[in-house]
Amino acid sequence: MAKITLDNVTKSWGENLVLKPLNLTIEDGEFVAILGPSGCGKSTTLFLLAGLYAPASGAITFDGHNVSKVDARDRNVGIVFQSYALYPNLTVRENIAFPLRFKPVGKAEAVRRVEEAAALVQISPLLDRRPSQLSGGQQQRVALARALVKEPNILLLDEPLSNLDATLRISMRAELKAIQKRLGITTLIVTHDQIEAITMADRIICMNNGEIAQIGTPDDLYRRPSNLFVAGFIGTPPMNLIAGQASGEELRLGASLLQLTPPWNGPVTLGLRPEDIALTAPAEAMLCGEIVSVEPMGREVFYTVSTPAGLIHALEYGEAVRHAPGSRAGLDWNTALSLLFDEDGNRIPGLHAGVSHPASSRAGQRLQAN
Ligand SMILES: Nc1ncnc2c1ncn2[C@@H]1O[C@H](COP(=O)(O)OP(=O)(O)OP(=O)(O)O)[C@@H](O)[C@H]1O
């Protein structure tokens, strides 16, 4: 098992700098997801760790040893590709055993390791089949067993679940996580599926445009996004992001005023998660609007409300549709759950906006609502 560091690692294709200097540390035994939109550099980062690409500059270390120039075969890294890349003419047993050809492993030891890896991913009865005789999920397990048979220090997974159907993906998520914890192997998974990242990983590296937008626990990224990119990228349905102007203790959103604590000045963006917004009676609320769409989604109802500050989405748990399209509703939230971002898009820690009390503050006056 290994601790990984990247120290100012970059990667270019010709003139195109696709990875800006990356700095990060992954602890021994951690399960880390690299999450981000298409083309942001996730696979490139993984392939640099695997040794399939060489960095343009910077250093990659495994347990303190600089491996930047070490050949992929000598890094003791197991990798599972999105395509599985199994050899069609070899049996499952031969596919799993394949990486051992390059290792000084005796025949009896090779047999033991193949059977152990197959048992771990629950494909022991399939060892004599060929890949074409397996389902997608079974092929994925073979690819995982093949990556594990080397007893690698690091496991790299490049969108390993993306070819599976939704039900199988959910069960494989849990299984992969359990295998990772059982082996205690330092693991990186590349995914553009945030549910996958949030459910499996100890920490998430959220990338954007060749840079790290934020590294943190799933809860950090969800509740304390560092910037507008992460705030907008994490969460389905996405966070409401509403442009406003802060002036002392007041936050002006369109034609409405909210109370800001502590005071702040300048352009800001208010971030509110749809599930943190409660729909209330208009008279009691600071922000009001007209409900323009109501979408029952099974366990919750998704409302879109047209307000003076723009369209705002609210998610109410429970099956009951409590508001009709065309009706007016107030929007309320727990002030502590509101987030504010400065004009550079960075979150301002400790700054919140919410409903104030008309009796105690001028900012509490509802300027425009009904
Ligand atoms: N062989 C290559 N030659 C030139 N450019 C490349 C090459 N491989 C990747 N790139 C570019 O590097 C950038 C990062 O690509 P990368 O595959 O790492 O993105 P990604 O985040 O994994 O995307 P996806 O989710 O679509 O797989 C992209 O702009 C891509 O076009």
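Is Asn76 buried, exposed or partly exposed, and how many other C-beta atoms lie within 10 Å? Asn76 is partly exposed, because 15 other C-beta atoms lie within 10 Å; in the burial classes used here, a residue is buried if 20 or more other C-beta atoms lie within 10 Å of its own, exposed if 12 or fewer, and partly exposed in between, with C-beta atoms placed from the backbone. The structure is a predicted model, in which local features need pLDDT of at least 70 and side-chain atom pairs count only at pLDDT 80 or more, whereas totals for chains, interfaces and linings use all residues. Residues are numbered from 1 along each chain as its sequence is written.

The chain is divided into domain 1 (4-233) and domain 2 (240-364), with bounds that come from an automatic or database domain assignment. Between the centres of domain 1 and domain 2, taken over C-alpha atoms, the separation is 40 Å. Seven residues from domain 1 and eight residues from domain 2 take part in the contact, two residues being in contact if their C-beta atoms, placed from the backbone, lie within 7 Å. An unreviewed UniProt entry lists residues 4-234 as "domain: ABC transporter"; such annotations may be inferred rather than shown by experiment. Over residues 4-234 the chain is 34% helix and 26% strand, and the end C-alpha atoms are 25 Å apart, where helices (H or I, at least four residues) and strands (E, at least two) are DSSP runs, numbered from the N terminus.

Six strands form an open sheet of mixed pairing, in the order E6-E7-E8-E3-E9-E10, and two strands pair if DSSP finds at least two bridges between them. The edge strands, each pairing on one side only, are E6 (77-80) and E10 (211-216). Neighbouring strands of this sheet are turned by 15° against each other on average, direction ignored, with axes taken as lines fitted to C-alpha atoms. Within the sheet, strand E3 (residues 31-35) and strand E8 (residues 186-191) run parallel and are joined by five bridges, and Val32 stands opposite Leu188 in E8.

Most residues other than glycine have a negative phi, and most peptide bonds are trans. Asn76, in the loop between strand E5 (65-66) and E6, has a positive phi near 55°. Gln122 likewise has a positive phi, near 60°, and is placed in the loop between helix H3 (107-120) and helix H4 (136-148); Gln122 is exposed, because 12 other C-beta atoms lie within 10 Å. Two cis peptide bonds may be described alongside these residues: that from Thr236 to Pro237 has omega near -5°, with Pro237 in the loop between helix H8 (228-233) and strand E11 (240-253), while that joining Thr261 and Pro262 has omega of about -10°, with Pro262 in strand E12 (residues 256-272).

In helix H1 (residues 42-50), the buried residues include Lys42, Thr44, Thr45, Leu46, Leu48 and Leu49, and just after H1, Gly51 takes a positive phi of about 90°. Leu134, which lies in the loop between H3 and H4, counts as partly exposed, because 18 C-beta neighbours fall inside 10 Å. When residues up to four places away in sequence are not counted, Leu134 touches Leu126, Arg129, Gln139 and Val142. Leu134 and Val92 are 42 residues apart in sequence, and their C-alpha atoms are 9.3 Å apart in space.

Key: Axes are lines fitted to C-alpha atoms, for helices over the stretch in contact, and angles run from 0 to 180 degrees between N-to-C directions.
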